[in-house]
Amino acid sequence: MKHPLRLTACLLLAACFLPFVSHGEEKYELKYGAQRTEKRDDEAMRRFRDHRVGAFIHWGLYSMAGGEWKGKIYPGAAEWLKAWAKVPSDEWLAQMDRWNPTGFDAREWARMMKAAGFRYVKITTKHHEGFCLWPSATTPYTVANTPCGRDLLGELVKAFNDEGLDVHFYFSVMDWSNPDYRTQLNCREDSTAFERFKRFTEAQLRELATRYPSVKDFWFDGTWDASVKGNGAWTLQLENMLKDLVPGVTVNSRLRADERGSRHFDSNGRLMGDYESGYERRLPDPVRDLQVTLRDWEACMTVPENQWGYHKDWSLSYVKPPVEVLRRVVHAVSMGGNMAVNFGPDGTGRFRQEEKELADWLGNWMRHNGEAIYGCGYAGFEKADWGYYTRKGDTVYMIVFNQPFGARLRVKTPAGTAVRGASLIDGTPVGFMETARDEYNVNTVESSEPYVIRLTVDAGSAEGKYRDALT
Ligand code: JFZ
């Protein structure tokens with residue numbers, strides 16, 4: 001700001017050299033690799049990013065069985081039960097005769113997710129089993145051919161949108177219900193079948209994009225087989241088709257492969273799709289993995305160890321208490337990412353008690369402290385042992401999970417960043433003191449829950465470490 005001319009000159013110079021510099025780094029000349037080298041930064045992308053916290057909902061035929069087949073309980077992920085119990089497809093899909101979720105009320109789901117503080121909801125339109133929550137014309141395996149008969153996806157989209165929540169579509173490319181699906185293409189017959197499968201997939205996606213034009217995101221899954229990996233051009237074509245049909249729509253990195261079979265990141269190491277979706281049930285290391293702050297990313301998590309669909313027995317694994325779910329949400333935001341928390345309603349369309357309590361607890365916390373989450377990102381501060389930092393401009397939030405023994409929270413600021421004020425979310429001032437160069441002690445607060453201290457900082461002459469990461 002002080003030297004606008006110099007800045008402009010620098011930017012112009014940088015702009016001239018950037019293409020050569022980045023070209024020089026590229027090892028492969030790729031047609032189907034990353035479509036850009038920078039973060040996407042249009043309005044739709046910023047909206048996706050600013051939401052920061054969403055719900056994931058897994059709901060399909062597997063939600064009826066709840067991990068049990070013919071009297072036997074399978075401890076693996078409930079939405080994979082067909083595979084664990086080796087159920088033939090026709091037998092699995094015959095469950096459609098019993099699909100009648102009498103306890104389902106889309107508006108109730110929407111109110112629950114809204115009250116929990118989620119800003120968007122990712123819904124399984126079709127999981128690996130192939131059953132569609134919308135009345136697709138491409139297959140008999142849809143809600144239309146069940147006793148229920150209703151367009152459940154349509155009801156959900158409307159109800160969530162009415163509550164002001166964005167809807168994201170989960171879509172599995174791998175489809176156990178379609179005999180044309182192949183994991184590998186070993187012969188002409190395989191290739192011919194898989195070509196039909198590709199047309200089928202395109203048609204389904206076209207339906208989703210045109211029937212529900214308010215959809216904001218497609219989150220692809222089931223793309224790990226050699227058949228899909230070997231069709232990089234096609235995955236790019238799908239992404240482009242959706243972007244033509246739905247202006248602004250975002251697409252995760254899990255859809256794509258380049259022509260050399262690299263997934264998520266192309267053979268030159270550049271992210272494909274709009275955001276990285278590899279952080280599943282894990283998070284980047286807050287100390288080592290700072291490069292994630294340079295990209296958009298979204299992690300997703302289960303509440304038990306690895307159950308996405310409804311499983312009737314949650315005693316089979318550790319179940320994260322609400323405060324731990326929150327910790328992971330905060331961790332993701334502190335590293336510049338989003339977090340989607342999974343829910344698995346049962347076959348009648350009801351959420352289990354534990355999930356309702358989780359939603360209540362999160363909602364209560366978010367109502368008071370959401371300011372430190374929504375629209376916030378990586379702060380550029382050194383990792384602290386008491387919790388996490390998030391940041392919005394010159395406001396830095398300390399989210400305290402571990403109360404230190406001494407009544408002081410140590411804050412180490414980036415070189416040249418000064419703390420000017422400290423307060424609680426409600427504005428009550430909190431004492432703080434400079435203890436050394438770029439180091440402060442902030443008073444703790446009595447609290448039975450994780451709490452937030454808002455710092456006003458003056459980035460002054462701070463080096464551009466966090467600024468680079470923020471934009
Ligand atoms: C997939 C599905 O198989 C699972 O049922 C669930 O829907 C989940 C959200 O996505 O599971 C995966 C996909 C990718 C990885 C791990 C599990 N991965 O990249 O580590």
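A: Let's start at D151, whose side chain makes a polar contact of 2.8 Å with the side chain of Y212. A polar contact here is a pair of N or O atoms within 3.5 Å; inside the protein one of them must be able to donate a hydrogen and the other to accept it, and residues adjacent in sequence count only if both atoms are side-chain atoms. Before going on, keep in mind that this is a predicted model, where local features need pLDDT of at least 70, side-chain atom pairs count only at pLDDT 80 or more, and totals for chains, interfaces and linings use all residues. Residues are numbered from 1 along each chain as its sequence is written, and side-chain values use heavy atoms, with hydrogens and water left out.

So where does D151 sit? D151 belongs to the loop between β4 (120–126) and α7 (152–162). Those labels come from DSSP runs numbered from the N terminus: helices are H or I runs of at least four residues, and strands are E runs of at least two. At the start of α7, a side-chain oxygen of D151 comes to within 3.3 Å of the backbone nitrogen of L153. The D151 side chain also reaches the backbone nitrogen of G154, at 2.8 Å.

Leave out residues up to four places away in sequence, and D151 touches L133, W134, P135, V143, R211 and Y212. Contact here means heavy atoms within 4.5 Å.

Now follow the chain into α7 itself. Its buried residues are L152, L153, G154, L156, V157, A159 and F160. Buried means under 20% relative accessible area, exposed means over 50%, and partly exposed is in between, using a 1.4 Å probe and protein chains only. What covers those buried residues? The cover includes β1 (53–57), α6 (106–115), β4, β5 (166–172) and α8 (188–211). Just after α7, G164 takes a positive phi of about 85 degrees.

At 42% relative accessibility, D41 counts as partly exposed. Its side chain makes a polar contact of 3.0 Å with that of R49. Setting aside neighbours within four places in sequence, D41 is in contact with R46 and R49.

K86, in the loop between α4 (81–84) and α5 (89–93), has a phi of about 50 degrees, and its 71% relative accessibility makes K86 exposed. H264, in the loop between β7 (250–251) and β8 (298–301), has a phi of about 65 degrees. H264 is buried, with a relative accessible area of 14%.

Around it are H58, E79, W80, H127, H128, Y170, W219, D221, W224, R254, E280 and W308, where being near means having a heavy atom within 4 Å. By class, this shell has five nonpolar, three polar and four charged residues. Ala, Val, Leu, Ile, Met, Phe, Trp, Tyr, Cys and Pro count as nonpolar, Asp, Glu, Lys and Arg as charged, and the others, Gly among them, as polar. Oxygen atoms of the ligand lie 2.6 Å from a side-chain N or O atom of E79, 3.0 Å from a polar side-chain atom of W80 and 2.7 Å from one of H127. The protein covers 77% of the 450 Å² of accessible area that the ligand has on its own. Such areas come from the Shrake-Rupley method with a 1.4 Å probe; for residues, only the protein chains shown count as cover.

Finally, step back to the whole chain. It holds 13 helices and 16 strands, and its C-alpha trace spans about 70 × 55 × 35 Å along the principal axes. Buried residues make up 54% of its 471 residues. Among contacts with a separation of 6 or more, 71% join residues 24 or more positions apart.
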